[in-house]
Amino acid sequence: MNQRTSVSQKFVKHSKEEEIRYKIRLSSSLDVARFLIMQGNTFRGHDESSIFLNKGTYREMIDWYKDKVETVKDAYDKGLKNCQMLAPSIQKDLTKACAEEVTAVIMDEIRGRRFSVLIDESRDVSIKEQNGYGSKVCE
């Protein structure tokens, strides 16, 4: 048998190509999520269907990214259609993962030291800010 035309060889080649496409989709999705989080922007709009003019910031930025980077466009267009990294649940997972990373970095920086957290801010009758601070030692 010719190894180049065997079914198992074609399957392995297809799987590796799909894995590369998946990594490209994942990295581009994370890039967009990080940007939106840093800017404090919302991810989703009212209607995210592909025919709606404004599909939400996340999907619009993914489309913009695909227009600018050919490998990203190929990864979305030629990749599996059931793994596009566009679903609202995926967007939530990406933001949660970013939040967990930021929290871990902050906790690592303050471990064992005192820190303060602004928990309340209000103005009294004289329009002077009254700040309530909480203090805690991180363990």
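The model is predicted, and local features need pLDDT of at least 70, side-chain atom pairs count only at pLDDT 80 or more, and totals for chains, interfaces and linings use all residues. Residues are numbered from 1 along each chain as its sequence is written, and side-chain values use heavy atoms, with hydrogens and water left out.

The chain holds four helices and two strands. Helices (H or I, at least four residues) and strands (E, at least two) are DSSP runs, numbered from the N terminus. Along the sequence the pattern reads α-α-α-α-β-β. Of the 139 residues in the chain, 22% are buried. Buried means under 20% relative accessible area, exposed over 50%, and partly exposed in between (1.4 Å probe, protein chains only). Contact means heavy atoms within 4.5 Å. Among contacts between residues at least 6 apart in sequence, 51% join residues at least 24 apart.

Helix α2 (residues 57-68) and helix α3 (residues 70-78) have axes that come within 5 Å and cross at roughly 120°. Axes are lines fitted to C-alpha atoms, for helices over the stretch in contact, and angles run from 0 to 180 degrees between N-to-C directions. The two helices, α2 and α3, are therefore oblique to each other. Angles under 35 degrees count as roughly parallel, over 145 as roughly antiparallel, 65 to 115 as roughly perpendicular and the rest as oblique. From α2, Ile62, Tyr65, Lys66 and Lys68 meet Glu70, Val72, Lys73 and Tyr76 of α3. The residues of this contact divide into four nonpolar, no polar and four charged. Here Ala, Val, Leu, Ile, Met, Phe, Trp, Tyr, Cys and Pro count as nonpolar, Asp, Glu, Lys and Arg as charged, and the others, Gly among them, as polar.

The largest nonpolar core has 13 residues, of which Val32, Leu36, Phe43, Tyr58, Ile62, Tyr76 and Leu86 touch the most other members. Each of α1, α2 and α3 supplies at least two residues of this core. The largest share, four residues, comes from α2. A nonpolar core is a set of buried Ala, Val, Leu, Ile, Met, Phe, Trp, Tyr and Cys residues joined through side-chain atoms within 4.5 Å.

Tyr76 lies in helix α3. Tyr76 counts as buried because its relative accessibility is 1%. Its C-alpha atom is separated by 9.7 Å from that of Ile62, 14 residues apart along the chain. Arg25 is placed in helix α1 (residues 7-39) and counts as buried because its relative accessibility is 1%. Beyond four places in sequence, Arg25 touches residues including Glu18, Ala75, Tyr76, Gly79 and Met85. Arg21 is also found in helix α1, and at 17% relative accessibility Arg21 counts as buried. Its contacts, with the same exclusion of residues up to four places away, are Asp74, Ala75, Lys78 and Gly79. Arg59 lies in helix α2 and is buried, with a relative accessible area of 19%. Arg59 and Val32 are 27 residues apart in sequence and 9.1 Å apart in space, C-alpha to C-alpha.

Helix α4 (residues 88-110) has 23 residues, which at 1.5 Å a residue should span 33 Å; its end C-alpha atoms are 33 Å apart, so the two agree. The expected span is 1.5 Å times one less than the number of residues. Within α4, Gln91, Leu94 and Cys98 are buried. Just after α4, Gly112 takes a positive phi of about 80°.
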